[in-house]
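The entries follow the order in which I looked.

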Amino acid sequence: MKKVTTLLLASILCLASIGYGAEPAKKVEVKVFAAASLKAVMTKFEANYEKAHPSVDVILNTDSSGKLMNQIKEGAPCDIFFSAAIKQMDDLEKTNQVKTDSRTNVLNNQLVVVTRPDSKTAVTGLATLNKAKSIALAHGSVPVGKYTRRALIKLGTLKKIDDPAKYTTQQVSDALGGIEISEQSNVSKVLAAVEEASCEVGTTYLSDTVGHEKNIKILEVVSYDIAGDIIYPAALIVNPDADAKETAYSADFLRYITSEEAKPLYQEFGFDTNVK
């Protein structure tokens with residue numbers, strides 16, 4: 001009996017020492033707002049980082065850069081913003097919501113015109129978009145939509161204006177001869193519209209076609225001299241709700257996704273890491 005009592009006491013002490021019956025320690029959340037075109041690669045970074053740091057939970061929120069910017073402006077808790085365009089980061093910096101010293105240009109991308117592999121489209125690229133029966137095009141407030149409009153200005157399809165994003169979808173349709181355009185709210189939805197054959201062609205990023213080769217055919221990779229650079233900046237965001245641990249891990253996660261060791265993974269997903 002004495003031996004059993006001694007063992008029972010030892011078990012109780014052991015359970016107490018590991019917090020038996022207590023709530024598990026809450027993980028440190030790092031809230032990352034990333035452009036929709038970054039979803040696949042950022043999911044990989046999230047998994048890699050959480051594996052190396054079991055006490056951290058990376059919360060990934062992906063959508064168009066414009067929508068994410070508005071969420072941050074409206075007070076949504078955010079630690080890191082990874083935009084598909086410089087404009088949205090500039091806008092947040094003007095309202096003092098970016099930790100300026102942390103800001104860095106991470107990636108470049110290229111605009112592509114896509115269709116389905118079984119499509120019999122007469123479109124060969126941006127210059128022949130007027131031959132399409134239907135087009136999936138992001139809104140001008142969405143970076144890929146703005147870059148498409150910028151390229152169409154360069155080609156002379158649209159008249160030059162200070163801000164290409166101001167061209168409405170209807171105006172683009174009119175310039176292309178009244179073609180049906182399905183306006184999309186982010187780059188992923190453009191790709192889906194083409195994959196599902198609800199639109200004959202669409203404009204998206206080269207990186208977004210990776211992994212979709214069975215359902216997507218690239219008609220043209222638009223050169224930088226026509227579409228311009230598509231720069232992705234990342235930065236820490238001022239988050240008054242973050243404690244010291246969240247702030248520290250956010251800075252470390254940003255360091256990780258902007259480091260030399262991160263480049264091969266970006267390249268695997270079709271991004272250009274040669275950024276000036």
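How many bridges join E6 to E8, and do they run parallel or antiparallel? I found two bridges, and the strands run parallel. I take helices (H or I, at least four residues) and strands (E, at least two) as DSSP runs, numbered from the N terminus.

Entry on the source. The model is predicted, so I note its limits: local features need pLDDT of at least 70, side-chain atom pairs count only at pLDDT 80 or more, and totals for chains, interfaces and linings use all residues. Residues are numbered from 1 along each chain as its sequence is written, and side-chain values use heavy atoms, with hydrogens and water left out.

Entry on the sheet. I looked up the strand order and read E7-E6-E8-E5-E9, an open sheet of five strands with mixed pairing. E7 and strand E9 (217-221) are at the edges with a single partner strand each, so one side of each has no neighbour in the sheet. From one strand to the next, the twist averages 30°. Two strands count as paired if DSSP finds at least two bridges between them. E6 and E7 run parallel and are joined by five bridges.

I checked Ala136 on both sides: its bridge partner in E7 is Ser182, and in E8 it is Gly202. Ala138 stands opposite Gln184 in E7. In a regular strand the side chains alternate between the two faces of the sheet. In E6, Ser134, Ala136 and Ala138 point one way, Ile135 and Leu137 the other, and all are buried. Buried means under 20% relative accessible area, exposed over 50%, and partly exposed in between (1.4 Å probe, protein chains only). Five of the five residues of E6 are buried, so this strand is largely enclosed by the rest of the structure.

Entry on H7. I found this helix at residues 187-195, with Val190 and Leu191 among its buried residues. Those buried residues pack against strands E5, E6, E7 and E8 and helix H5, where contact means heavy atoms within 4.5 Å. H7 lies across E5, E6, E7 and E8, at about 145° to E8. Axes are lines fitted to C-alpha atoms, for helices over the stretch in contact, and angles run from 0 to 180 degrees between N-to-C directions. H5 lies across E5, E6 and E8, at about 110° to E8. After H7 comes Ala197, with a positive phi near 65°.
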